Amino acid sequence: MDRTVNDKMRHMNITKAGYHGILLPDLNIGFDYSGTGTQHTFISHAHADHMPRSQSSSVYCTPNTYKLMKRRGFNGEAITLDFGEPLETDEARITLYPAGHILGSAMVFVESDEGSVLYTGDYRTPPSPASEGFEIPEQADHFITEATFGLPIYKWDSHDKLSQEVRDFASQTLANDYTPVFLAYNLGKAQEVMHMLAPLGHPVQIHGAGYKMCDVYEQAGIDLGNYDSYNRETCEGNILITTTSAINNGFASNVSKKRIAYCSGWATREASRTQLTAHKLIPLSDHLDFFELIRLCQELDPEMVHITHTPNADVVRHYLDQRDINSTFLDMEVEEDD
Amino acid sequence: MSDKFQQLAETAQQINETRSTNSKITICADYFSAIGKDEDLNRAAQFLGEGAFSSVSGKRASVGSRTYSTCAAEFCEIDYEKVFKPCKTALGSSSEAIEQLMNNIEVACQKREPAQLSLEKIEETYQQLYRASGRADKQEILRETWKQMTPVEIKYFIRIMTQGSLRIGFETRSVVSAIAEAFDKEVDDVRYAHMITGSVGRTAVLCKNDNLDKASFNLFHPLSFMLASPIENRAVEDLDEYVAEEKFDGMRAQAHISGQQVELYSRELNEITHSFPEIQQFFLKRDLPNLVLDGEICVYKEDEILPFQLLQKRMGRKKPSKEIIEKYPVLFVSYDLLYHDDRPIFDHTLSKRRELLVELSQQHSLPITNQFEVSDHDHVDELFERALAHGNEGLMLKKKGSTYEYGQRRKSWLKVKKPGGTLDTILMYAHAGSGKRGGYYSDFTLGISVKEDERYEEEFIPIGKAYGGYTDEEMKRLNERIKDLTVEKYGPTLGLIPEIVIELEFDDIQVNKRTKANYTLRLPRFKAIRWDLGPKDTDTLKDVERMYQEKIDRDRLKQKENPSFVFHQ
């Protein structure tokens, strides 16, 4: 009952900043925000659609995210915050929690007189083994969550099963004298696939854009196995890792005997087989699935779930309504195919 | 095990997951050759190659997408509108959505207890669905069957039931090749047997038992139609080897006639006799020998061939009323003869077949197309203009020395057509391409304006989907621009801010009550991307309605002089 009384006095202002970023204007806080009108901007992780677009921004992020952003061309300044190490501002206390999405990915927890907010950025639970794990505060008044895979057609197999699928595809392809190629986003997914393949001990070549991220992972203690940068002349017979865009632009086009596996949550869609001329679809996502999302909302039981990053907010809201959880849709953003 | 439906579903799935056509054929051939009983081989080949029923049986399970989709939503205990539909949109396929939901949703898993149903049992189920009349009865059958199936079985059960493509990159043609490989026979012989028996299942059994030579052409089993190629792709040098006929604005059909029996088949090989009782009567009155005719059904009234749009009022009607028959009387105009003197004659040359057809036409007073020798391109143009003046679609050029190439689209028949018209439309949605066009948005939904139309609340509504007519350069530029205009993403589809205007060319406008606009365009394609125009310049639904009406009302040249067809009455 206390909470209801408090509700009437407290008000948390949450707004969408155009197509990129979310603001808590009263607390002077921005999440994955590219503008300059806020004092404290937090970057959840180093994927392009979350990184600051302006080079001169000054932002807060985890040390690993900062390293990865620099590898991807960010020249601005960042103040690094470790997980669980709170930042106190005049208006609030902010703590980063590991998001399980990619290395360095963080959720931002804000506590203030107006209540608390948990902003997820992109996240995955159970977490990617090539990340710092997943941890969540016990309670949050406002839960700002992505819902990239916000439909019940999306349900992931266990990590062990997917991991076995990845290794089996590689081994069987090599045994048939073909070169296996994994299509995986160059930051996060690529390294997770390498981590899965490491026990095979077979040499891996990864596309240059992903290669330059790898040592950050190794410094974080994640085993990426025996790998090198992609070399067109020597790639045949290695396990290859590249992106969907590179495979259409001549990557390993000199190797005629190759088999392609597409690793993405979108690989659930049968149509991606022909679109990408993939032999194998492995629905390995760095986001949580629909059922995990609904379960998490139930566990957290916030006053309000604010949904973002999905064309299917209505479906998520329908499920939350059935569970008596208040929800709202924070405008829309188009997700990069990662 | 070889008689279980689960194995057929797994084989289909394995074919789907294999890229090379030869490997797909081998997987299917291995499956066929492991099947023990003839009856099961017949069923398996039938299901993979044609669907629940043979195309010539005239039988259908008649379970619409809404019927099985709402049934699946209920089975999974999810809301059809709020949950099922977005899932279907994201995957672009109801049956794929059902497979995933059956897999993912716990209550659905609890209801299902896979029972390894046999092919025979599945065949019976399709028969039950055919006999059941109401939606509720059909849904009851679906529910009971699904309870005993795995998700992958359910997916293929639905795809086979709807007689559509299995969407595994493996069409009837490949199934025929797999039959040949399984039983070590020449593909051409198997294809011939399939063509004249009209049944993949029977062909497989003949093949297995070394009885291919016993395949015989049977009247009342329609033959796949010979098709024409557009002339622009096939420049004609040897014009004197061709004859010309007007291309009718009607419906292609095949007539099988024997004694007191007359049946008509559509291009999709469906039996359509009941829609056109006067054609049946017309043939019966003429005391004809056993025949198979290829020709066109047209609305013909007061010496005029009337447009296809009016013929549509007769199509798909099980029992047309007397009033409708009087208002839109139809005539079957023949242009080819495939069976004569009690044997198939598709291996005769066109000239020879024509000779026999002319003879029949004179003896029995059958309307046949007028055929013209062509001398040069000017002559072709002249004939083309006259065909259009008759209200016809254009001209057909047919090679005199060609055989009847059933089921094929080659250079022996060429069509010369004129675009029906153009519209300035707005780009509403972009769809991800597949195959060669993978990685690009290559298919586009185009809309027309209904902003000032009191019947609609939207600004634009779709009028057609186009996936050609642009250059690679234009497609790339379009893809660049689309990035900035995207406001929504539904799986492979992008919703766009209406800004890009496309000049769309099409062959014809047809009424289609199932679309929001009530009209669809035939063969819409890009004519130009109008970077110079904006959303305000888009044509309106009223423009479409006007164009449709003009086409119906236009003056037509009577059939008295230079007629399109000859009819010795």
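Chain B is assigned three domains: domain 1 (5-161), domain 2 (227-418 + 562-566) and domain 3 (421-538). These bounds come from an automatic or database domain assignment. The model is predicted, and local features need pLDDT of at least 70, side-chain atom pairs count only at pLDDT 80 or more, and totals for chains, interfaces and linings use all residues. Residues are numbered from 1 along each chain as its sequence is written, while chains are lettered from A and ligands numbered from 1 in the order in which they are written. In chain B, the C-alpha centres of domain 1 and domain 2 lie 38 Å apart.

Chain A is assigned domain 1 (2-153 + 287-329) and domain 2 (159-282). Their C-alpha centres are 30 Å apart. Contact here means that the C-beta atoms of two residues, placed from the backbone, lie within 7 Å. By this rule, 16 residues of domain 1 of chain A are in contact with 14 residues of domain 2 of chain A. The domain 1 side comprises nine nonpolar, five polar and two charged residues. In this scheme Ala, Val, Leu, Ile, Met, Phe, Trp, Tyr, Cys and Pro count as nonpolar, Asp, Glu, Lys and Arg as charged, and the others, Gly among them, as polar.

The two chains also meet. In chain B, 27 residues are in contact with 22 residues of chain A. Three elements of chain B, α5 (80-91), α6 (94-104) and β16 (486-490), each supply at least two residues of the side that touches chain A. Helices (H or I, at least four residues) and strands (E, at least two) are DSSP runs, numbered from the N terminus. The most comes from α5(B), with six residues. Overall, this side of chain B holds twelve nonpolar, nine polar and six charged residues.

Next come the sheets. Strands of a sheet pair through backbone hydrogen bonds, either parallel or antiparallel. Two strands are taken to pair if DSSP finds at least two bridges between them. In chain A, six strands form an open, parallel sheet in the order β14-β13-β15-β12-β16-β17. At its edges stand β14 (227-229) and β17 (280-282) of chain A; each has a single partner strand, so one side of each is left without a neighbour in the sheet. The twist averages 25 degrees from one strand to the next. Three bridges pair β16 (residues 258-263) of chain A with β17(A) in the parallel sense. Cys263(A) stands opposite Ile282(A) in β17(A).

Chain B has an open sheet of five strands with mixed pairing, in the order β1-β12-β11-β2-β10. Its edge strands are β1 (227-230) and β10 (372-373), each pairing on one side only. β2(B) is mostly covered, with five of its six residues buried. A residue is buried if 20 or more other C-beta atoms lie within 10 Å of its own, exposed if 12 or fewer, and partly exposed in between, with C-beta atoms placed from the backbone. β2(B) runs antiparallel to β11(B), and six bridges join them. Glu245(B) has Met396(B) in β11(B) as its bridge partner. Two bridges join β2(B) to β10(B), also antiparallel. There, Val243(B) is partnered by Glu373(B). β11 (residues 394-399) and β12 (residues 409-417) of chain B are antiparallel and share five bridges. Leu397(B) has Leu414(B) in β12(B) as its bridge partner. Helix α18 (residues 377-389) of chain B lies across β2 (242-247), β10, β11 and β12, at about 130 degrees to β11(B). Axes are lines fitted to C-alpha atoms, for helices over the stretch in contact, and angles run from 0 to 180 degrees between N-to-C directions.

A hairpin of chain B joins β3 (residues 251-258) and β4(B), which pair antiparallel over five bridges. His256(B) stands opposite Glu263(B) in β4(B). Two residues lie between the strands, and Gly259(B) takes a positive phi near 55 degrees. Four of the five residues of β4 (residues 261-265) of chain B are buried.

A nonpolar core is a set of buried Ala, Val, Leu, Ile, Met, Phe, Trp, Tyr and Cys residues joined through C-beta atoms within 7 Å. The largest has 168 residues, among which Leu183(A), Phe32(B) and Ile179(B) touch the most other members. A second, separate core of 53 residues includes Ala244(B), Cys298(B), Tyr335(B) and Leu414(B).
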